[in-house]
Every structure is written in C-alpha cells, then in structure tokens.
Amino acid sequence: MIYLVYTFRPTPYAQENLPEFWEWVRDREDWFYDGLDMVLETDWFVRTIGPDVHCVEHFVAFADEAAWGAYRRAVADKSRDPKWETRRTEQGRWYDILDARILTDPPVRLGRTSTVTPA
C-alpha cells in the first residue's frame, strides 16, 4: 500500500468556526474523491501533542504506485474544469498545507491488534 499524507493547519477562520470547518471537510471529501476509484481509503487524525498541535493529518491509501499515478492524472484532469478548481481552491479559506509525503507499508506484516474488547 501507498499512503499520501497531508498535514493541514486550520486557518484562524477555521479555528473560529470549527463546526463549519468540520462540515466543510466532510462535504469536500465526498465531492473531491467522487469518481476517484483508485483511492482505497481515506482517514483523518488531529494532532493533540507535539509540534503543530491541532493540525489535521489526512491519509489517502492506494494499492500501488500505478494507482497513485492514476490519481494524480485524474486530479489534474478534474482541475481543468473551472467550477471544480474553484471549489478545490477554496481550501485556502480553511487550511494551509504544511507538508505532503508518501508512506509505504513495510515489506513484512507488522503491527498488533488488541484482543481485548473495550467496555
């Protein structure tokens, strides 16, 4: 698996309007990923400790490099539509992109899952 990971810092406007920010993020995820079937999964996390506290990390999973390349081409194609691109670029009202990186799974299965059921 390949993971495209973005780190977003909510703008002061977003921080002052958090319920609206999170609703915008939810709506954006629906329309942005519509038709991008090479995206296997997305996930979101909020940093609560460390540098850039309260930043948001967004993970986008792909099966392999070919799927990631297809994603990049599809987003480039969508960006040629002025209406779509205007909606995409409204993200500047809500967050600044601090970082983008690619992660991959290690060559062997690692990780643990608890067998304890939470109460």
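Reader: Where does D52 lie?
Author: D52 lies in the loop between β2 (41-46) and β3 (56-62). Strands here are DSSP runs of E with at least two residues, helices are runs of H or I with at least four, and both are numbered from the N terminus.

Reader: Before I go on, what sort of model is this?
Author: It's a predicted one: local features need pLDDT of at least 70 and side-chain atom pairs count only at pLDDT 80 or more, while totals for chains, interfaces and linings use all residues. Residues are numbered from 1 along each chain as its sequence is written, and side-chain values use heavy atoms, leaving out hydrogens and water.

Reader: Thanks! What is phi of D52?
Author: Near 60°, which is a positive value in a residue other than glycine.

Reader: Which way does H54 go, positive or negative phi?
Author: Positive, at about 75°, although H54 is not a glycine. H54 is also found in the loop between β2 and β3.

Reader: Is H54 buried or exposed?
Author: H54 counts as exposed because its relative accessibility is 55%. The cut-offs are under 20% relative accessible area for buried, over 50% for exposed and partly exposed in between, using a 1.4 Å probe and protein chains only.

Reader: Then why does D52 count as partly exposed?
Author: Because its relative accessibility is 32%.

Reader: Changing topic, which helix has W22?
Author: W22 is found in helix α2, which covers residues 18-32.
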